[in-house]
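Trainee: Could we go through this chain together, one question at a time? I would like to see how each answer is reached.

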Amino acid sequence: MRYGALAIAALSCACLPAAGGLHAQTLEDAVLERINAVRANPRAYADQLRAYRSYFDGEIVYLPGDYNGVLTKEGAAVVDETIAFLERQPSLPPLAPAQVLTLTAADYSREQGTLGARGHVGADGSQPGERVKRHGGGIFVGEAIAYGSNDAEEVVRQMVVDDGVPDRGHRKLLFDKNFRFAGIGCGPHARMDHICVVDLSATPDGRAVRVRYALQR
């Protein structure tokens with residue numbers, strides 16, 4: 001069984017071969033690479049979702065080789081809505097990896113994975129911004145979480161399509177033009193097999209953006 005993603009405003013155990021085969025690419029690297037590809041060319045991703053849509057039978061999607069299928073909440077309708085969104089969405093610059101955000105995401109993926117928990121409120125009652133502050137950052141962050149898969153393509157598709165999430169919170173985070181940095185932590189999950197946490201911010205450490213005002217003379 002697969003699970004959807006969750007959003008507000010542990011290194012992976014699975015590795016993928018990197019381009020050129022010079023080093024192992026972690027799942028975190030692959031997820032960030034995929035997010036940036038979607039941000040850079042939303043219309044190309046819309047074409048990929050058209051192919052994905054063809055695997056639906058009612059509310060169940062049968063990907064190649066998966067004869068059991070995955071039950072969705074909204075069926076193909078949400079894919080159509082996502083495609084329409086992507087066709088209107090302008091290209092955005094890539095998200096750069098940031099250490100503070102990465103440490104925060106990794107910590108939280110380990111906590112939730114060990115406890116088998118879900119959601120953005122930590123076991124101690126902490127919110128994402130509070131967790132970033134523990135690593136010396138600020139509170140101005142967004143957080144998206146995907147459960148159930150250790151495949152980068154599926155993790156990102158969950159967040160972009162946002163099946164069953166009325167406000168499309170994950171999608172809004174990934175396509176927020178103000179966000180320029182991200183940290184990702186993925187790992188095993190006691191109840192849902194896998195978890196990927198993505199923390200995003202306009203600054204490398206989640207602090208507020210400093211705006212300089214020109215003096216008028």
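Trainee: What percentage of the 217 residues in the chain is buried?
Mentor: Keep in mind from the start that this is a predicted model. A residue counts as buried when its relative accessible area is under 20%. Among the 217 residues of the chain, the share that is buried comes to 48%.

Trainee: Which residue of β5 stands opposite Asp57?
Mentor: Strand β5, made of residues 60-61, pairs with β4 in the antiparallel sense over 2 bridges. Opposite Asp57, the residue to look for in β5 is Ile60.

Trainee: Which residues touch the most other members of the largest nonpolar core?
Mentor: This core holds 39 residues, and the elements that give two or more residues to it include α1 (27-40), α2 (42-53), α3 (76-88) and β9 (181-189). Another core, of 7 residues, lies apart from it and has Tyr108 and Met192 among its members. In the largest core, the residues that touch the most other members are Val31, Ile35, Leu49, Val79, Leu86, Val160 and Phe175.

Trainee: Which residues does Val79 touch, not counting those up to four places away in sequence?
Mentor: Val79 is one of the residues with the most contacts to other members of the largest core. Once residues up to four places away in sequence are set aside, Val79 touches Leu49, Tyr52, Arg53, Phe56 and Val161.

Trainee: Is Gln25 buried or exposed?
Mentor: Gln25 lies in strand β3, residues 24-26, and its side chain makes a polar contact of 3.3 Å with that of Glu33. The relative accessibility of Gln25 is 10%, and the cut-off to compare it with is 20%. Because 10% falls under that cut-off, Gln25 counts as buried.

Trainee: Over which residues is the pLDDT below 50?
Mentor: The average pLDDT of the chain is 89, and 86% of the residues score at least 70. One stretch, which has 33 contacts in the model beyond near neighbours in sequence, has a pLDDT below 50, namely residues 7-22.

Notes: Residues numbered from 1 in each chain as written. Predicted model: local features only at pLDDT ≥ 70, side-chain atom pairs only at ≥ 80, totals over all residues. Heavy atoms only, no water. Buried < 20%, exposed > 50% of the residue type's maximum accessible area, 1.4 Å probe, protein only. Pairing = 2+ DSSP bridges. Helix = DSSP H or I, 4+ residues; strand = E, 2+ residues; numbered from the N terminus. Core = buried A, V, L, I, M, F, W, Y, C linked by side-chain atoms within 4.5 Å. Contact = heavy atoms within 4.5 Å. Polar contact = N/O pair within 3.5 Å; in protein donor to acceptor, adjacent residues only side chain to side chain. pLDDT = per-residue confidence, 0-100.
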